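Welcome, and thanks for taking a look at this protein. Let us walk through it together, one feature at a time.

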Amino acid sequence: MIVKIINWITVSLVLSLSTGLFAQRNRTSDCNRSIERNSRSYLNVAYNQAVFDQPMDFSHDKFKGVSEFENAHFKSDVNFGHALFLGKAGFNRTHFSGVADFQNTHFSKPVFFDAASFDSVAIFDKTEFNHRASFVQSRFHGKANFMVTHFHKLANFSAVRFDSL
């Protein structure tokens, strides 16, 4: 419990320092809804083992360096729609309880979703994977949308489980 609180404090401080704010924006539970705002830019992010209790909006944001969300837990919806990942991205063992929206997201370097768990809808519609994409042992308990998704290099879906098609 203490580790979880420390991680939450660390994430809160990192978000506050890197974005200049840590307030929940006006949102709906529908991550597909377009929200006009200024995009943010990050050099390197490390949200490993972070717990996000509120809906998170990273839509249109630019991740310039390594982005680590490993063992993180998004307890509500998360929107990475139209985000740009220029460095390696890691979502290994990340738990997405709400809608996970990666629609129109662009990954320039390798991205890993190994052993990730998606409880609700996972949206990868029109996503660009310009390098290796790995979803080894991931679990999709809700619907998974990979329509018009482009995998330009190796895509590994070994031992993935789709509960709902």
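A salt bridge, as the term is used here, is a side-chain nitrogen of Lys or Arg within 4 Å of a carboxyl oxygen of Asp or Glu. Please keep in mind that this is a predicted model. With that in hand, searching the whole structure turns up four salt bridges. Side chains of opposite charge can pair when their charged atoms come close.

**The sheet**

How many strands form the open sheet, and in what order? Six strands do so, in the order E2-E6-E10-E14-E18-E22, and their pairing is parallel. At the edges sit strand E2 (45-46) and strand E22 (155-156), each pairing on one side only. Strands of a sheet pair through backbone hydrogen bonds, either parallel or antiparallel.

Look next at E6 and strand E10 (residues 89-90), which run parallel and are joined by two bridges. Ser-67 has Ala-89 in E10 as its bridge partner.

Is Glu-70 buried or exposed? Glu-70 has a relative accessible area of 18%, and because buried means under 20%, it counts as buried.

Which residues does Glu-70 touch, leaving aside its neighbours within four places in sequence? Its contacts are Tyr-47, Asn-48, Gln-49, Gly-90, Phe-91, Asn-92, Arg-93 and Thr-94. One of these, Arg-93, also meets Glu-70 side chain to side chain in a salt bridge, at 3.6 Å from N to O. This pair links distant parts of the chain, with Arg-93 in the loop between E10 and strand E11 (95-96), 23 residues away from Glu-70. Arg-93 itself is partly exposed, with a relative accessible area of 43%.

**Salt bridges side by side**

| Asp-53 | Lys-75 | 3.5 Å |

**Aromatic pairs**

How many aromatic pairs does the structure hold? There are 48. Among them is the edge-to-face pair of Phe-58 and Phe-69, with 5.9 Å from centre to centre and 75° between the planes. Phe-58 lies in the loop between E4 and strand E5 (62-63), while Phe-69 lies in the loop between E6 and E7, 11 residues apart. Both Phe-58 and Phe-69 are buried.

Phe-96 and Phe-118 give us a stacked pair, 4.7 Å centre to centre with 5° between the planes. Phe-96 belongs to strand E11 and Phe-118 to strand E15 (residues 117-118), 22 residues apart, so this pair links distant parts of the chain. Phe-96 is buried, with a relative accessible area of 1%, and Phe-118 counts as buried at 1% relative accessibility.

Definitions and conventions:
Residues numbered from 1 in each chain as written. Predicted model: local features only at pLDDT ≥ 70, side-chain atom pairs only at ≥ 80, totals over all residues. Heavy atoms only, no water. Buried < 20%, exposed > 50% of the residue type's maximum accessible area, 1.4 Å probe, protein only. Contact = heavy atoms within 4.5 Å. Pairing = 2+ DSSP bridges. Helix = DSSP H or I, 4+ residues; strand = E, 2+ residues; numbered from the N terminus. Phe/Tyr/Trp six-rings, centres within 6.5 Å; stacked < 30°, edge-to-face > 60°.
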